[in-house]
Amino acid sequence: MSRSSILSSAVVALSALLLSVPDRAPAAPLVSIAKSDDTALFGAMRDADLRLGAIAWRLATANAAICPDRAPTPGLLIHAIDQYDPAVRRDLPAIFGFEGPVAVEAVVPGSAAARAGILANDTIAAIDGKPLLPNPAGVAQANTATRDAAQRQLAAEPADRPLRLTIIRQGQKREVTVAAQPGCRSRFEMLMGPGLTASADGDIVQIGSRFFERFDDRMIAVVVAHEFSHNILHHRDRLDAAGVKRGILSEFGRNGRMFRQTETEADRLGVVLMRNAGYDPQDAVRFWREHGGEVDGGIFRSRTHPSSSARAELVAAEIAAIPPGAPTPYRPPLLDQSGKALD
């Protein structure tokens with residue numbers, strides 16, 4: 001079975017089991033595959049998660065110098081055993097390690113975590129001596145509370161200092177120091193489902209699993225950089241401060257105009273993030289010209305978003321506006337708007 005087919009199977013198996021939360025980005029994915037021991041399926045999910053993690057790590061660390069809000073970005077992808085349905089948890093240690101509640105799903109090659117020798121399937125027992133504990137609510141049903149708490153505990157550490165992690169590997173506990181590696185603050189995750197959807201809520205960027213079937217990493221980087229830009233520019237907080245309505249009312253009048261403003265800003269900053277991270281920003285022009293019509297779910301087609309052709313023209317103009325010989329990373333004047341009210 002091809003990797004694409006395996007990931008398609010994962011989408012079919014998981015998409016019906018996702019939660020949704022009104023008036024915010026789609027809920028975090030809950031892995032729930034009752035009575036399944038298909039290690040190939042889990043392997044495909046890990047591969048796709050690592051693709052997203054590597055893109056996000058590259059964008060976040062390369063742009064750290066221009067982001068006022070930074071967090072440790074060691075290149076670790078972590079997950080918790082209670083994200084998974086109770087029916088499959090007993091099989092997970094053989095696939096993912098899990099000698100405790102939280103384990104390393106994958107490590108980004110070349111990252112600080114990789115250089116420190118941390119491996120996929122290591123269990124993380126503590127961060128700076130503070131243990132990671134399971135959420136009791138996760139015992140009876142799958143939820144991401146334990147994973148989210150661990151991610152936030154990691155993000156709360158100083159961005160410019162080494163991380164001290166206690167890990168367990170094959171029953172042996174060891175202390176590992178990971179060199180400081182700051183990045184622009186945000187969480188990232190792949191959201192299982194059949195659609196080409198993407199979102200950001202100020203805290204987390206979610207990218208639909210279908211992107212990893214349909215596009216290569218250069219095209220996915222366009223989408224990740226766009227959504228990441230929403231978080232860097234504090235768009236959700238600024239929309240809330242402006243009293244903008246969501247739902248169907250977001251399509252009209254002042255609401256629609258402000259949503260379009262944030263989408264335009266995210267497109268503009270996204271190509272700068274890509275350029276700073278060594279991606280070809282012209283890929284954003286190609287994405288919107290060649291694939292904009294394929295993106296579904298209302299994320300890019302509603303009246304709160306410009307047309308694909310308009311977006312292609314906008315990002316081409318933004319690329320052309322970067323001064324010749326600009327440093328890397330280049331800090332665009334647009335970042336000055338991140339703390340200002342929308343108008």
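Reply: V222, A225, H226, A266, D267, G270, V271, M274, A284, W288 and V315 line the largest cavity. A cavity here is a set of points on a 1 Å grid over the protein atoms alone where a 1.4 Å probe fits but cannot get out, and lining residues have an atom within 4 Å of a point. The model is predicted, with local features needing pLDDT of at least 70 and side-chain atom pairs counting only at pLDDT 80 or more, while totals for chains, interfaces and linings use all residues. Residues are numbered from 1 along each chain as its sequence is written, and side-chain values use heavy atoms, leaving out hydrogens and water.

Two or more lining residues come from each of α8 (217-232), α10 (253-276) and α11 (282-291), helices being DSSP runs of H or I with at least four residues, numbered from the N terminus. Of these, α10 gives the most, with five residues. By type, the lining has eight nonpolar residues, two polar and one charged; Ala, Val, Leu, Ile, Met, Phe, Trp, Tyr, Cys and Pro count as nonpolar, Asp, Glu, Lys and Arg as charged, and the others, Gly among them, as polar.

The space in this largest cavity is about 50 Å³, a volume being the space filled by probe spheres set on the points, which are joined across faces, edges and corners. Across the whole structure, the search finds two cavities of 30 Å³ or more.

Terms used:
On a 1 Å grid over the protein atoms alone, a cavity is a set of points where a 1.4 Å probe fits but cannot get out, and a pocket is an open set with protein on both sides within 12 Å along at least five of seven lines; lining residues have an atom within 4 Å of a point.
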